[in-house]
Amino acid sequence: VRFGVYNVGKKYAGVDRSSANNSQINFVCGLLSGGMAGIIACPFFVLKTQMQVATSVSENAVGHQHAHASMWDGVKTIMREEGFRGFFRGIDAFVPRCIALVAFQMSSYDLFKTQLINRQLTENGPACHMVSSAFAAGCACIAMQPFDLIGARMMNQPFSTDGKPKLYTSPVDCFLKTVRTEGFFALYKGAFANYMRMGPQYILTFMFYEQFMKLSGKKIKKT
């Protein structure tokens, strides 16, 4: 979704791989692709969050515990207790997370890659793609981390029997309570760990993507 919507958006805006970099258009295309990706991915992220924090050892328990025996059990439990809307718990924080992530990830990658090539610091090859993706991961992590933390807390909070959240009523409420009780930098808890996850992922993703686009371009020219 991210790459598809982003590149189609750039194409319709008149920006392609052979034209000059346009950071404004790239950023807007990233916003749109991030928003769509967030809506599609939210149900899966809810399940992932609830299952990751679950533990049978009470001393290790973090946050509210959801006793899902498996992913399918989690699906059935959410449907039974909260209905279909339960899969979109925290979407008002999750979608901004995805928007910030993708907008900065995609636009910063294109920007760094263009600058490296234009300044003749490196050629348009694997080394350029690796360095650009590492920088893009850092930009995306800084922009996304507060939304990531707020979204995770909202998705994992307990709900009352009438479907009302017990801890946070909205992303703004979660933000204010977190900053008030834990300080501003609590929003960046786990940021380094997130970068260590995102860095290798982005490097591999963009390097494979660039090689795929290179090969597909050659095939198009041959035909």
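This is a predicted model: local features need pLDDT of at least 70, side-chain atom pairs count only at pLDDT 80 or more; totals for chains, interfaces and linings use all residues.

**Exercise 1. Overall fold**

Solution. 
- Step 1. Consider next the contacts between residues at least 6 apart in sequence: 72% of them join residues at least 24 apart.

**Exercise 2. Packing of H4 and H5**

Task: Decide whether H4 and H5 are roughly parallel, roughly perpendicular, oblique or roughly antiparallel to each other.

Solution. 
- Step 1. Two packed helices are described by the angle between their axes and by the distance between those axes.
- Step 2. For H4 and H5 the angle is about 170 degrees, and the axes lie 7 Å apart.
- Step 3. Angles over 145 degrees count as roughly antiparallel; H4 and H5 are therefore roughly antiparallel to each other.
- Step 4. Sorted by class, the residues in the contact of H4 with H5 are 22 nonpolar, six polar and four charged.

**Exercise 3. The nonpolar cores**

Task: Identify the residues that touch the most other members of the largest nonpolar core, and the elements that give two or more residues to this core.

Solution. 
- Step 1. The largest nonpolar core holds 16 residues; those touching the most other members are Phe-3, Leu-101, Met-106, Ala-140, Met-198, Tyr-202 and Phe-206.
- Step 2. Two or more residues of this core come from each of helix H1 (2–12), H4, H5 and helix H7 (191–222). The most come from H5, which gives five.
- Step 3. Take Tyr-202 as an example. Leaving aside residues up to four places away in sequence, Tyr-202 touches Arg-2, Leu-101, Gln-105, Ser-133, Ala-136, Ala-137 and Ala-140.
- Step 4. There is also a second, separate core of ten residues, among them Phe-45, Phe-94, Cys-98 and Met-155.

**Exercise 4. Salt bridges**

Task: Of the five salt bridges in the structure, examine the one between Arg-97 and Asp-148. Are Arg-97 and Asp-148 buried or exposed?

Solution. 
- Step 1. In the salt bridge of Arg-97 with Asp-148, the closest N and O atoms are 2.6 Å apart. This pair links distant parts of the chain, with Arg-97 in helix H4 (residues 91–118) and Asp-148 in helix H5 (residues 126–156), 51 residues apart.
- Step 2. Buried means under 20% relative accessible area. Arg-97, at 8%, is therefore buried, and Asp-148, at 14%, is therefore buried as well.
- Step 3. Glu-182 forms a salt bridge with Arg-153, with an N to O distance of 2.8 Å. Here too distant parts of the chain are linked: Glu-182 belongs to helix H6 (residues 171–182) and Arg-153 to helix H5, 29 residues apart.
- Step 4. A salt bridge also joins Lys-189 to Glu-182, at 2.5 Å from N to O. Glu-182 is partly exposed, with a relative accessible area of 35%, and Lys-189 is partly exposed at 45%.

Conventions
Residues are numbered from 1 along each chain as its sequence is written. Side-chain values use heavy atoms; hydrogens and water are left out. A salt bridge is a side-chain nitrogen of Lys or Arg within 4 Å of a carboxyl oxygen of Asp or Glu. Helices (H or I, at least four residues) and strands (E, at least two) are DSSP runs, numbered from the N terminus. Buried means under 20% relative accessible area, exposed over 50%, partly exposed in between (1.4 Å probe, protein chains only). A nonpolar core is a set of buried Ala, Val, Leu, Ile, Met, Phe, Trp, Tyr and Cys residues joined through side-chain atoms within 4.5 Å. Contact means heavy atoms within 4.5 Å. Axes are lines fitted to C-alpha atoms, for helices over the stretch in contact, and angles run from 0 to 180 degrees between N-to-C directions. Angles under 35 degrees count as roughly parallel, over 145 as roughly antiparallel, 65 to 115 as roughly perpendicular and the rest as oblique. Ala, Val, Leu, Ile, Met, Phe, Trp, Tyr, Cys and Pro count as nonpolar, Asp, Glu, Lys and Arg as charged, and the others, Gly among them, as polar.
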